[in-house]
Amino acid sequence: MNSPLLDAAGTKFSRWQKEIVFDKGRHGEPNEQNRRVWEPIRERQEALQSAIKAGHASLGAYLRGALHIGDEKIDAPGFPRDQLTSDEFRTPPVELERELWAAWPGVRPRLASQPVFWLLCHVEWIEQGRFDQAGHRLEAALVGGGKDLEAKTRNFLRRTGGIPHERGKTSVFSDCPLARAWWRVHVAEQVAAVPHAGMSADEAHEVLHANRQAWETLARLGLRSVTVISQRTARAAVVRRLKSLLRENGRLGSKDVQSVATDLARLGLRQSPEHTPWQRLVA
């Protein structure tokens, strides 16, 4: 990744995101009284949709203009496949997530936690035609499912990096499919590296991939309220327990993650998970 470009694009990224979505909390409901606010936003949203419909070259040029990066070389990590279908992009299967992570050895957590890093990567991958198999595929991948201009715009922002000014730090972990893929495998590798965990990286990844809402809850709790589960040994114990629940019930949900994390947090009030015997953590 072009580090100076990444640093320079950060402020532009945040400003562009805020200018292209309608914030009801700040702007109120769109109506005649605030037409001066919402009409320019709608025009910017229409410009984005037009660029998407025009194809990968047009969208790449639009995004470079939005970020004020001109024709600077982005130098994104190499893409492991010629192209992805819209379904593969939006919900990468287990095998594809592992393939993506293995293809990006130079990506580190500091980079992977930055939404602007992923957007810049997507700019280059879009320009390479990675998500544009048959013309209409680009739109299906990047904004598919949105019912109106606002929803489509938000889909695009979420899927290409996240919306940190609204969703906080969790957005890049859960909303951006390719970032989510990297993080799930990264965490699985960390779990497998914990002594006594008794899980391979593939086994841990299967658990983390089982349910998107469960993964999002795990990421949110680890970042915001139950930060003790971000300690490697504690997180390995959580994933080990979730594996048991998945095997017992055939599914995982947000409530399962919440319950397990809460139990471990209670233990963390009395002693450090890092210095707690493994069997005690699991119990």
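Here is a short chat about the domain contact and the aromatic pairs of a predicted model.

Biologist: Which ground rules apply here?

Modeller: Residues are numbered from 1 along each chain as its sequence is written, and side-chain values use heavy atoms, leaving out hydrogens and water. It's a predicted model, with totals for chains, interfaces and linings using all residues, side-chain atom pairs counting only at pLDDT 80 or more, and local features needing pLDDT of at least 70.

Biologist: What area is buried between domain 1 and domain 2?

Modeller: Buried area is the accessible area (1.4 Å probe) that two parts lose on being put together, summed over both. Carbon and sulfur atoms give 49% of it here, and the total is about 1,000 Å².

Biologist: Which residue forms a salt bridge with Asp-202?

Modeller: A salt bridge needs a side-chain nitrogen of Lys or Arg within 4 Å of a carboxyl oxygen of Asp or Glu. The rule finds two across the interface of domain 1 and domain 2. For Asp-202, the closest N and O atoms are 3.4 Å apart, and the partner is Arg-98.

Biologist: How many aromatic pairs are there?

Modeller: Rings of Phe, Tyr and Trp (its six-membered ring) pair if their centres lie within 6.5 Å; planes under 30 degrees apart are stacked, over 60 edge-to-face, the rest tilted. By this rule the count is 10.

Biologist: What kind of aromatic pair do Phe-79 and Phe-131 form?

Modeller: Their centres are 5.8 Å apart, with 80 degrees between the planes. That makes the pair edge-to-face.
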